[in-house]
Structure formats: C-alpha cells, structure tokens
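Me: I am new to this structure and would like to go through it by question and answer. Please show it to me.

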Protein chains: 2
Amino acid sequence: MRGTRARGATADEAKQATGEACAAPRRTRRRRAAVTLNEVAAGAGVAPIAVSRALNNPASVSPALRSRIEQAVEQLGYVPNRMAGALASARTRVIPVIVPSLSNVVFVEVIEGIQEAVEAQGYQMLLGSTGYDLGHEAALAATLLGWAPPGMMVAGLRHETRTATLLRNAGIPIVEFMETGRAPIDMNVGLSHVRAGAAMAEHLLARGYRRIGFVGLRMKDDYRARQRYDGLRRQLAGKAAVVLFDREGGAGQGGGQQVGWDALPDLLAITPALDALFFANDEMAVGALLRARRDGTDVPGRIAIAGFNGLPIAALTTPTLTTIVSPRKQIGREAAAMLLARIAGREPTTRRLDVGFTLEAGGST
Amino acid sequence: MRGTRARGATADEAKQATGEACAAPRRTRRRRAAVTLNEVAAGAGVAPIAVSRALNNPASVSPALRSRIEQAVEQLGYVPNRMAGALASARTRVIPVIVPSLSNVVFVEVIEGIQEAVEAQGYQMLLGSTGYDLGHEAALAATLLGWAPPGMMVAGLRHETRTATLLRNAGIPIVEFMETGRAPIDMNVGLSHVRAGAAMAEHLLARGYRRIGFVGLRMKDDYRARQRYDGLRRQLAGKAAVVLFDREGGAGQGGGQQVGWDALPDLLAITPALDALFFANDEMAVGALLRARRDGTDVPGRIAIAGFNGLPIAALTTPTLTTIVSPRKQIGREAAAMLLARIAGREPTTRRLDVGFTLEAGGST
DNA sequence: CTGAAAGCGCTTACAG
DNA sequence: CTGAAAGCGCTTACAG
C-alpha cells in the first residue's frame, strides 16, 4: 500500500478520528513573544476578525469598535504578522525587482523610479541583484516567486529558458524593463539599444569621423552594450571603419572611470588612426576625458569621445561630453505603473512601451 | 447578500464532503494554481513531512526516498511557499536593510557588501529606502518587522524614539551601520565622522590654509555631514576661520556634482577671502573641480578643494582630489558578519566596530 | 456591523 | 529513517 498510494491522497485529509468528541489536547509552539491579533482582540474585548477588519478596512467597522481596537493595538504595540496575513489571503504586497547590478547608476535610478511608484500604492520592493549572471537570475526568480508576489519586475529581455518558463507559468503580471527589441514574457518598457548605437553612428558621421572605435567593458556579460555596438556597426557599414575594444577590469562603482582612463592612451598608441571613440557608458567616457585632460590630449581635435546614459557629469566636463540620454527614472515609473495597473485588475495603456532616448551633442565630438 | 459579499470569489472550490462525527464540511480556499508540498508528497507516494525534510535537510532522508521526492519536485515544478514555511517555523531568511537613499553611491557600496555576505549564507536582503526621512524610517521598520526577520540592519545611529523602541523590543539582533559615536541599539559598525572632519582640519592647517569653508548639501537631513563639520570646526578653533555653507538642490544621482559646480563661483564671489573648501562629499568636490577647470580657476592656488568618501574619480581629476576614504564595502561586510554570527547563535568578535578612515592627500590642496 | 469556523501551506514535536 | 497530528497567525466565506 505504501509505494502505490498515489494521487488522491491529499494529505490534507486530516481526519480528526479522535475517540472522543473532537477536542484534541493543545500543544503550543509560539517562539516569539510577539503580540498577536488574538491578544489584541482579547484586550479590546472583540472577536479576532474584528481586529483584522479594523486594520485592513477601517470603514467596515463601527467607530466605537474601531477606537477600542486601535487603543489595544497601540497599547500592546501590535505589529501584524505579514506572513500569516499573506498565507491566509494568498496575497503579498511585496514586489520583487531583479537587476544585474547595483553598482551601475543606471539601474539604481530605474529602481528609484520603481520604488517611488510602488510605495505610493502601499507595496514594498524586494530587490535582488544577479551580478550579471543569468544562472543566479534563475535562482533568484525561483526564490522570489516563493513569496507569492502579486507581480514581478526583471531587467532585460534575455533570460535562461527555465527562468522564462518559471515567470511565464507564475500566473502573475511581469514587466521586463531596460531594453526593447524582442517579445517580452508579458510586458516590456525600455529603449532600443540598437537604435541608440545607430543614432551615435549618424552623429559621428555627420561630424566627419570615419575611423571609429567602440569601447566596451566585459561585453560578454553586457549584451545591451553589444546591441549598441551592433547598431553602430551596421549604421557605419560602408561609410566608416569600426573596431571593437573589449576591456576588462573596473569592477564596482566608478570602476568604469578607471577603465576609460587606462584605455585612452592604450588605444591611441595601438590604433593611432582612430578619430573617434564611442564608450559603452558615460563613466568610461568621463575617465577617458579626464585622462585626455591630464595628458594634454586634444578632444575632439586628436580624438572625439562619446558616451552613453546621459549622466549629469556629462554636462560639466570640459569639453562637455556627447552622450545619449536614457530616461531611466521614467523607465522605472512606467514599468511600475504597468505592473500596478495589472495587479489592480486594470489593463495598462500599453503592454509594450518604447521610451526612446535623446542624443545630447557636446563639445567632445 | 449578493451585493455586499464582494472580495474574493474564487475558482477551484474542490469540496470534499466528509460525513464523519466531527468533521465539518470542508471549504477550499486555494487561489493560486501553484503546486503544494502535499501534491508533491502524493506524487512521490510519501508523507508531506518527508518532502519537507528532503528539501530542508536532505541528509535526514534515505537516498531512495530523496530521489523519489526530487523527481516529483522536478516533474511538478514545485516552488515552496516561503510564507507558509516562515509562518510554521517562525523563521525567515530575509534580512531587511534600511538606508536613507540609493542615489548615494556610498550606501550602494555598503549594500553590496551586505548582499554578498548575506547571500553567501543563504539569506536574502530586503531593501528599504527612507529618503532621509526618519518618520518614513519608523514606518519602514514597523512594516519590515512584520516579516519576522531573523535580524535587521539600519543605517545610522539616529532614529525616532519609537523606531528605537520597536527595534529594541523586536528581540532580534540589530546592526546600525555607517557612523560610530553613540550607544547603539544593539551592534554598530562605522567610522567617526567627527574625527574625519578633524583629520581634514589638521591636513588643511598643515598645508597653510586659514580661511576655510565647509560646503554641505541639505545639512538639515544629513547629520553625518554635520558631524564632519563639527569635527572640522572644533579642530580649527583658534587656529583658522571657518564658515559653513549649506546648499540646496541637486537631488538624485550625480546631483551633487551640479551643486558643487554651481557653488564654486558663488562662494568665491561672496567670500573672496576663502582659501580652502571642504565639501561634504566627493561628488560636490568633483563638480567644483570641473567648474574650476572650465573657468580657469587655479586649484589649489586660488582655492584648495577637498572632498569626502574616496570615490575612484578622486584619483583621476587634475589636480587629484584630496579626500577621506571610507571603507564602505568593509562596513557592509562587517555589519553582515556580525549580524549573521548572532543569528547563528554565535557571539561576534565585537559588537562595536570602528573601521576608521584614510585621508588621501591629493594635488587639490 | 459582528462573529464562529475553517483553512492557507508549511514545520514542530512527538512517536514509532 | 518515517509519519500522523497539531499548530503557526492571520483572512475568507458564510451566517446572523
């Protein structure tokens, strides 16, 4: 009987086959000294459910009861157990957000946009960072789904198959944010990095540059940078020479600056014919600008420099840095708005939003 | 009766009528189609508890059972419900971390240190940001405690009384990280911002500066910057003149750069006798350096400039920026190590750790 | 508006 | 090593 028990035996069948009436002896298992809803109810002389209602939907309780309950809550220092509430209602107010990195300003600003929007609706953000590792992303997604969130947000449109399957089958709204380009699992907000690269190509061509280098940092992991390079390369095809430099190092916040700083003299020495460098991000570009400043290298006379992201510092360098501004905070806000709409049972204006970008031409090109 | 019911009329109402003595008719309330542990148990032909054990402590189950269970888990795509587990065990593996802001690199690096350490032990970080609002901090702390975390981390030693009370009474280990100086609620990791200010005072005195300005950004909120100013002021007392400038604006990432950029010409115009400026952070100092560069203002000839934090860019400017390096990642790691030790029932080496700082003298002073 | 009962999906505590 | 029972602290669904 043991091995073949099978299907129907939902062990949920807790038969209360006690000999007597039904009252089994109680064992207590409480480990925390925390005040419970039942204690508040006892304190206020009401039923537990009344406390629940007074807390979650005050209008559904008479003012008299409500004030008695509020007093008891206050006096006992009651803090509701969210896990119990979530388990009972099958609803959490925690929204997981998965990003590749926190040491990249870009994600931080998107996150801020998300947090503002989400908190305004009484939700909490649960942040996970993958370190640009899609395997880690899969593990994170699985764990986070265990909290039965009402929705989820994840950076990027590229995931391992199992991640996509997991998210698709979770039966909750999902927003993939950052780039556009392929069909999302559910909803998508971002910009086309391919088009951004192409836009920079047009700009550099228009200013007369014909021997252009793209400088990336660990491009293997950063596929959005690869997309920008692809856009650049295709747009330049037949019109200018392009070369890709993939640099290593520079982990952590501000690390990109050091990479740009180190790259500039290297590249100029090895490929002296270069007339323009498009860096994968503004941090690297700023590092290169600072290096040029220290070494007395003329920008853009000797070499033009451009970046990507539109960080505030781009407007403060001498010369100012040509860059592409991505509306990061907007991405966060829009992504959150879409998700919250769906969570609330409404249909967002659109499920796929391209927020675009702006090329800010500075003195560095 | 129909109109007032509302709420959650659900789908799968599998009624399992039982006709026994005490067994009341069962109502089912499942709302998600998610696979449960009971279903896995049924699938594997074992008791639910065996599944629980196979997942949480594989060694406690025979290999035969384990592989049957693992197969069922795999096949059904089972994702454990963390809320149920947490409720039953009164244990979560989520550690809340409260910081004032994410748009400040400094906190991001501390957070990274925390995340690395915490994830390595199988815990998850739940991030909350207060926007430098201690009222918001109190609300966040209360909500986060509702998840019955095994411990908690919060930036700073200053909180509203109710926050401190709440945390103290939570009966879990708490680490306050960032600054040292006063008695913590439980544990503390950080550095003395007063001493950091004093160290800069000594440096500026040694280099011959006697008319020194401290430039802060929204100092009302940033009490750590106030501490640095206090340290500076006291150390300079009787030896040099000090003046405090409290600037507004510059919200968000990189906003400080703009503030420094704007401040420099203002301050030089209004208080031309100044010979040195100590900025509350490197971002502002870098903004000022870039402005000096553009305007042709001699640094340090006309005005010396110093910052605080030790961001990588400080080494790349011309001249290089004098700054105080704070070991941010170390703060995060140490704070996490302390907390994890206590969670594991061990006593950390110390409950109060001063990680110190290093003054990096550059060409800007 | 108010409440008694049952159940959410797990784990603990006990027993074999 | 394995399992039956009870309970974690809430909320839903139903009834007055």
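Reply: Before the first question, one term: a contact means heavy atoms within 4.5 Å. The model shown is predicted.

Me: Among contacts in chain A between residues at least 6 apart in sequence, what share joins residues at least 24 apart?

Reply: Chain A has twelve helices and twelve strands. Contacts between its residues at least 6 apart in sequence are the ones considered here. Of these, the share that joins residues at least 24 apart is 69%.

Me: What part of the residues in chain A is buried?

Reply: A residue is called buried under 20% relative accessible area. The accessible surface of chain A is about 16,300 Å², and carbon and sulfur atoms hold 50% of that surface. Of the 365 residues in chain A, the buried part is 50%.

Me: What span should helix α3 of chain A have, and how far apart are its end C-alpha atoms?

Reply: Helix α3(A) covers residues 63-76, which is 14 residues.

Me: Which residues of α3(A) are buried, and why are they on the same side?

Reply: The exposed residues A:Pro63, A:Ala64, A:Gln71, A:Glu74 and A:Gln75 lie on the other side of α3(A). Cover for the buried residues includes α1 (37-44) and α2 (48-56) of chain A. The buried residues are A:Ile69, A:Ala72 and A:Val73. They are on the same side of α3(A) because they cover an arc of only 100 degrees around the axis.

Me: Which residue follows α3(A), with a positive phi?

Reply: The phi in question is near 65 degrees. The residue is A:Gly77.

Me: In chain B, which residue of β2(B) is the bridge partner of B:Val94?

Reply: Strand β1 (residues 94-99) and β2(B) run parallel, joined by six bridges. The partner of B:Val94 is B:Gln124.

Me: Which residues point the other way from B:Gln124, B:Leu126 and B:Gly128 in β2(B)?

Reply: In a regular strand, side chains alternate between the two faces of the sheet. Six of the six residues of β2(B), residues 124-129, are buried. The residues pointing the other way are B:Met125, B:Leu127 and B:Ser129.

Me: Which residue of β5(B) is the bridge partner of B:Phe177?

Reply: Strand β4 (residues 174-179) of chain B has six of its six residues buried. Five bridges join β4(B) to strand β5 (residues 187-191), and the two run parallel. The partner of B:Phe177 is B:Val189.

Notes:
Residues numbered from 1 in each chain as written. Chains lettered and ligands numbered in written order. Predicted model: local features only at pLDDT ≥ 70, side-chain atom pairs only at ≥ 80, totals over all residues. Heavy atoms only, no water. Buried < 20%, exposed > 50% of the residue type's maximum accessible area, 1.4 Å probe, protein only. Helix = DSSP H or I, 4+ residues; strand = E, 2+ residues; numbered from the N terminus. Pairing = 2+ DSSP bridges. Areas by Shrake-Rupley, 256 points an atom, 1.4 Å probe, with all protein chains shown as cover. Expected span 1.5 Å × (residues − 1). Arc of directions from axis to C-beta.
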